[in-house]
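Work through the exercises below with the sequence and the model side by side, trying each task before reading its solution.

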Amino acid sequence: VGANDGGRCSQTIAQVFPKFAKIVFCGDLNVAHNEIDLTHPKANARNHGFTIEERSGFDAFLKAGFVDTFREFEKGGGHYTWWSPMNRARERNVGWRIDYVLASPAAMRCVADAFIQSEVMGSDHCPVEILSAISRSAVSASGMRSSASARHISAMPSSVESPYSARKTSISPGFTELRIRR
């Protein structure tokens with residue numbers, strides 16, 4: 001299931017959950033949504049991850065009401081989440097933004113920031129996170145408590161060690177975790 005499923009995933013989500021539900025949908029969707037989301041859009045126009053069909057599938061998530069949290073806070077280019085392991089692509093920042101945190105409108109009202117941690121090494125992907133200001137005593141996605149007034153929710157490759165692991169099941173009170181497997 002992903003952005004290239006013809007919109008079936010987004011339709012299912014829209015049917016199952018009420019519009020007021022706080023839903024965060026995150027992970028590697030394997031699609032660069034817009035030209036700004038990859039270094040060489042013209043050269044990749046027909047390549048897997050940037051086809052019209054895949055990009056239309058991502059559009060279906062947005063039409064279902066989800067918000068691309070990162071683009072809500074950052075309009076500029078040059079921000080990527082995946083780099084080819086060949087030709088020092090990461091070092092040269094020649095990459096694609098294919099990892100996302102999407103939020104329902106109800107969840108988006110709680111999102112204080114969204115960011116990409118491109119400096120975190122350990123995979124050809126890097127973590128993507130949102131900062132949610134919904135609690136005075138924050139609990140990360142891994143269950144670690146902090147005194148900050150915000151909560152981190154992230155998606156990252158499983159090979160990266162971090163206190164914010166997408167593999168954990170508890171996100172936060174008031175949010176619905178949605179796990180969809182391929």
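**Exercise 1.** Decide whether phenylalanine 61 is buried or exposed in this predicted model.

*Solution.* The relative accessibility of phenylalanine 61 is 1%. A residue counts as buried under 20%, and therefore phenylalanine 61 is classed as buried. The same cut-off applies to phenylalanine 25, which at 8% relative accessibility also counts as buried.

**Exercise 2.** Find out which aromatic pairs phenylalanine 61 forms with phenylalanine 25 and with phenylalanine 58.

*Solution.* Start from the total, which is five aromatic pairs in the structure. In one of them, phenylalanine 25 and phenylalanine 61 are tilted, with 5.1 Å from centre to centre and 35° between the planes. This pair links distant parts of the chain, since phenylalanine 25 belongs to strand β1 (residues 23-28) and phenylalanine 61 to helix α2 (residues 52-63), 36 residues apart. Next, phenylalanine 58 and phenylalanine 61 make an edge-to-face pair, at 6.4 Å centre to centre and 75° between the planes. Both of these residues lie in helix α2, three residues apart, about one turn of the helix, and both are buried. Finally, ring pairs join Phe25, Phe58, Phe61, Phe66 and Tyr100 into a cluster.

**Exercise 3.** Describe the largest cavity and the place of β7 around it.

*Solution.* The largest cavity holds about 60 Å³ of space, and 13 residues line it, with Phe70, Arg97, Asp99, Val101 and Val128 nearest its centre. Among the elements that each supply at least two lining residues are β6 (111-116) and β7 (128-132). These two strands, β6 and β7, pair in the antiparallel sense over five bridges. Four of the five residues of β7 are buried, so β7 is largely enclosed by the rest of the structure.

Technical notes
Residues numbered from 1 in each chain as written. Predicted model: local features only at pLDDT ≥ 70, side-chain atom pairs only at ≥ 80, totals over all residues. Heavy atoms only, no water. 1 Å grid on protein atoms, 1.4 Å probe; cavity = no way out; pocket = protein on both sides within 12 Å on 5 of 7 lines; lining within 4 Å. Points joined across faces, edges and corners; volume = space filled by probe spheres on them. Buried < 20%, exposed > 50% of the residue type's maximum accessible area, 1.4 Å probe, protein only. Pairing = 2+ DSSP bridges. Phe/Tyr/Trp six-rings, centres within 6.5 Å; stacked < 30°, edge-to-face > 60°.
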